[in-house]
Amino acid sequence: MNDLPSPSQILEELADKVAAQIQRLAPVSFEAALGELISYHRFLLSANASTGPDGVPFNYAEVAGMEWNAPHHQWNRQYRRLYENAVDQLMTDQSFFRSLTHVPSRLLPHRGEPALSAAVLRSILDIGPMYAHRLEAWVTRHAVSEEGHKRRPSLQGLQRKVYSDVVTDVVGTWESLLDHAPTLFDWRDREAKSDHEQWERLRASWPYLWQHLTNTAYLLAVAVWNDDEIGSKFYRDALVRWGMHLGEEGHSAYHLARPRLLFPDVFSHKWNDALLSIEPLVHPRMPPPTPSGLFKLAKRNAHNDTVLITSALVAYWSMGKKQGSELAANTSWALLNRQASEPDDEDDMPGVGKTSFRHILLDLMRLEQAGRRFEKDTYGAQLDGLVSSLDNMTERRVVAGRVFTPSTLHGRHGLLTAFVAFLLALVPASGDDGLGDQIVGISQSPDVLPEGDLSLRNAVHELQRIVGALSPPAESVQQAARFFNDQFDNSKSVAALDQILNTSINAIEAARSARLEAAPIDESKVERIRSRAQSKILAPREQIRLFRDFKIEKAAADHTVKPFVARFTGVDKAQFVEPPMDDPSASYDEIVVSRIENAAGAHLWGLFCQKGKEGFAIDHKIEDEAFWNGIRSVAAKVGPEPILLVSRRAEGRSLRRFVYAERGDVPPPMSISTTGFGSGLPSYLATVEGIHVCGADFPEGTAWLFSSKHLSTIRYHALDEAEHYVSVAYEPVAKTKGEIVAKFSQTAVWKEFPIFELQVTDPEDV
Amino acid sequence: MIDWRRGGPAGSLNKWVRREVREHMEKNVAIRKARPPLLRRMINWLFVGRSFSDYLLIYIAINLVCVLIEFIAGRYFNDSIPVWSLTNQDDINLKAFILAVGGYLVTAQVGVLGVISIAIGLVSLIAQREDASTDVKLYYHQSLSVEVVSSCIALLLVVCIQLVWPAQFVLHRMGAGTHLQFFKVVLMCVHIGWLSVNLVALANFISTTFFFVQRVHRERIREQYTAYFVIPAQMTKRLREQLYHSAANSLASTSGTEAKHVQLSFGYDLGSPETVEVQRTFNTTVALHDVRMLWIGWVVRRWTKRCRSASLPQEAERGEDQKPLLSFCIFLDQAMTGTFAICKRRGGVPLTGIERWVLKRAFIFQRRVRDE
């Protein structure tokens, strides 16, 4: 079996025969050989076609096993060299290339044949960019610079004519692939009468349409990148016209109250769920949406996004000098304004020349709402993927297998400078082009946004990024804006845009503040912190402050004990409403709980400080052996594991110098260690003669000597009948700021050991 | 999620894949359309995959059965043998007739071989001129040329040898058997039947040869070959690999909510530091042939529960790379010899004896003649 030919080998040999006929310039044999190749390829796709348990088409050719690529990808690769061969014969006979451009449509299944999976269909559509690259390589090889002209190289004479003819056919063939969608997905199936069935057919087609749309943008990007003036004109035209007459005759896009907020993510839902997801967007006086109306609106929005991103990307190339000629900038502006290849054709095209400042800014905000960065399976991720794939063709050459930092964009956010240039070129000299009303409308009803208040915060963040890019705008941004608009005045435009954006930001923030002020505190969040704080301070532990070997007990309410109140000021209310109106911090609860725990420790230390102490004076420096001999007797009285708490700045510093002094082979006069029991104590300095020395903010000459086991028990008394030992509350101070007030009733039981307060004096000072 | 119960009571990986492929072959419209006609399917059943030695062995078995029956009949049922098979009966010399038929068969087989040789030579020449090596292989495969030639040569050899009936001669020299020609007639009928089948296969060969130069028929032959030989084999191979390497997800999901606390991996050796839980030693070259997934799922569920009950609460918050891991670090179909680990563990609790025993038997190895 291993020696028998595999489908890939058979396809390769069939492709060899096609290539041989191209070399022979034999059109009849070529068509026969190509027919044989395509017939076998279609059979392979059909023979592997199946359906999943949910009825969605699946293809076993997608299963790669341990191979690097899935079989259907390997099969598609066979066409690459055919395009290379056919392109080489363009000046002799264009029929080979023309015929090969029909390969994708000839691979699509006919009525009655097994349906192909979305992945296989996308792969078939990827043949388009494959032949576009070969065609652009031919253009690059044949383009010449006119003598005495500084313009970019271009095709001349007969080559120009031939290429123009071919590229119009290429665009036509490519556009015709879209006409297969109604048949492929049974849009016109009259048996599908229910909205649910119609929606299922329409949403099944979305991966195919999206791939066609993004590949159309890719064709344009390839042409611009290769300085192909003719190709970019026709591909731009194809992108502008994309989906205009796509099998939905008689159906117009549904009118939502906020049409820009409908994203293709809606196709991930079944019909009833889709209706629920768009409910906030539906105008109350409008009839309920139809599947085709909703589909058309989502499709139109996706088309607008693609046009905006593509025009921004080619503008970005121009601004970053990645693409040196004016073609990129010209294409970008023409695309943004939806200009057709021939002005006469623009009569039937919606949206031509209607690009305005307001549209661009609102579309920009829509892109921000499309999904967060690095999220998978969202429309936002698809848009990021589009930017990444378009810009990827500009990546520098890298050695395969090496790890390298990409020099290309990987998402929408990298296009900021291009968007700023668009906005600067379009910003009105006076007024805000009606933007303010739109912003106020959106900011007052965040429920219509995909993620509510979070979407508004993202919008503010995006607007702030643009404001940041205006102070001052980069030279490339100014040049691009000037290129797009002859009347561009840098200072006036920047000031106008800055004012509009800041007004918008302020309007959004004002609406948010008003909502935040009115929003009630979510008591469950407060209770969660209280519960965690209580668990934390009641949990057994080895050490608290300088004390070890003690117990923590719960005790009944004791009204003679005054509860301790800890206040943490400057707390944002936004964290305590539901949903949160500020970016949630993963460790916010832990921080608050930790502060309450510290307050409990501080209170305990305060109780210890209030205890009576016996005085003891010693006239030796802490680094003298006599000092330690002098306190040995009192240290023996304080109990096990004695601790000497000294001034951190005075005695502590002297002792540290002494402990770490260079002595050569001479041993220190006292036993000194810096490890063991004491090393876990806070502000630990060293253990000298068995006494653990720690630092504190004491005045010079003052020290306390006590046992680390002086504490016997910590008791927390119940604060109420519900046996809460800690209470936590949010108390408002300002409109959107407040305090966390934590309360607990803590007492301590101490062992009967003495505490000494030492007065240390330097004998030289006496 | 994969329902491993489709692989039988043990959740066999191979059974799961075989069932999947069989169902696909039955349901797929394109494959059903490419199905060859009944006669062709019968020829395939008789010839595909058989070699010269296979034909000889089958015939030797038939011959030995005849000799044995003749021996038993000659001794115990002599009267039951038809008398018309006497050597000279009604002026017909049956012995001479059988000998003559043998000669005709030899002649026919030699002629068949000549035709086949010429046809193969012509097609090979044409195909090589068109640089169509896969087409040549396809032609050889679909015309059953190797099998038909093997069968013809085997029959030729058999008929030549049976001109002297060596087995019957030995039987008669031992004083057993019978002088009646009945059993030789039976064997002669076998020879004629075999020749007839060869001729039908030759007709198929000739039709394949002539049709192969026509595009439509060539496409049809190519599709038949792809649908009934390549797709099942390649689909089986890829599905086995894919399912084995993605088994971690399916087993984790069938293990319930506990699964998020552990990690599984199949077919990846993540290296040290890990504890070898199960290992096996083979003195011959073997390869992992099948895996009983439901058995592994049972072990994983038990182990996960014990890991959960033994771990501290904060361990649930661990990152992916810190979770307890069971790594089945063995590759499907990879030839191995000596001692090798089947299951390694990182973190978590050790497996119990019964779990190790089950895991050892969940991985089925098959002897390999040579490294593949």
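Predicted model: local features only at pLDDT ≥ 70, side-chain atom pairs only at ≥ 80, totals over all residues.

Colleague: OK, staying with chain A: which domains is it divided into?

Modeller: Domain 1 takes in 357–381 + 410–518, domain 2 covers 523–604 + 718–747, and domain 3 is 614–712 + 753–760.

Colleague: How far apart are the C-alpha centres of domain 1 and domain 3 of chain A?

Modeller: Those two centres are separated by 63 Å.

Colleague: In what sense does E12(A) pair with strand E8 of chain A?

Modeller: Antiparallel, over 4 bridges, with E8 spanning residues 642–647 of chain A. In that pairing Pro642(A) stands opposite Ser707(A) in E12(A).

Colleague: What about E12(A) and strand E16 of chain A?

Modeller: E12(A) and E16 (residues 756–760) of chain A also run antiparallel to one another, with 4 bridges. There, Trp704(A) faces Glu757(A) in E16(A).

Colleague: Let me switch to a loop. Where does Asp447(A) sit?

Modeller: Asp447(A) is in the loop between helix H19 (435–444) and helix H20 (453–469) of chain A.

Colleague: Is Asp447(A) buried or exposed, and why?

Modeller: Exposed, because Asp447(A) has 9 other C-beta atoms within 10 Å, and 12 or fewer counts as exposed.

Colleague: So what does Asp447(A) touch, leaving out residues up to four places away in sequence?

Modeller: Pro280(A) and Gly452(A). As for Tyr379(A), 68 residues away along the chain, its C-alpha atom is 19 Å from that of Asp447(A).

Colleague: Over to chain B. What's the strand order in the open sheet of 5 strands?

Modeller: The order in chain B is E3-E5-E6-E4-E7, with mixed pairing. Strand E3 (263–266) and strand E7 (363–367) of chain B are at the edges, each having a single partner strand, so one side of each has no neighbour in the sheet. From one strand to the next, the twist averages 25°.

Colleague: And how do E5 and E6 of chain B pair?

Modeller: Strand E5 (residues 325–328) and strand E6 (residues 336–346) of chain B are antiparallel over 3 bridges. One detail there: Leu326(B) has Arg345(B) in E6(B) as its bridge partner.

Colleague: Last one, helices H6 and H10 of chain B. What are the angle and the distance between their axes?

Modeller: H6 (residues 133–142) and H10 (residues 215–245) of chain B pack at about 75°, with the axes 10 Å apart. That angle makes H6(B) roughly perpendicular to H10(B).

Colleague: Which residues meet between H6(B) and H10(B)?

Modeller: From H6(B), Leu138(B), His141(B) and Gln142(B) meet Ile221(B), Arg222(B), Gln224(B) and Tyr225(B) of H10(B). By class, that contact has 3 nonpolar, 3 polar and 1 charged residues.

Terms used:
Residues numbered from 1 in each chain as written. Chains lettered and ligands numbered in written order. Pairing = 2+ DSSP bridges. Helix = DSSP H or I, 4+ residues; strand = E, 2+ residues; numbered from the N terminus. Axes fitted to C-alpha atoms, helices over the stretch in contact; angles between N-to-C directions. Buried ≥ 20, exposed ≤ 12 C-beta atoms within 10 Å, placed from the backbone. Contact = placed C-beta atoms within 7 Å. Domains from an automatic or database assignment. Parallel < 35°, antiparallel > 145°, perpendicular 65-115°, else oblique. Nonpolar A, V, L, I, M, F, W, Y, C, P; charged D, E, K, R; others polar.
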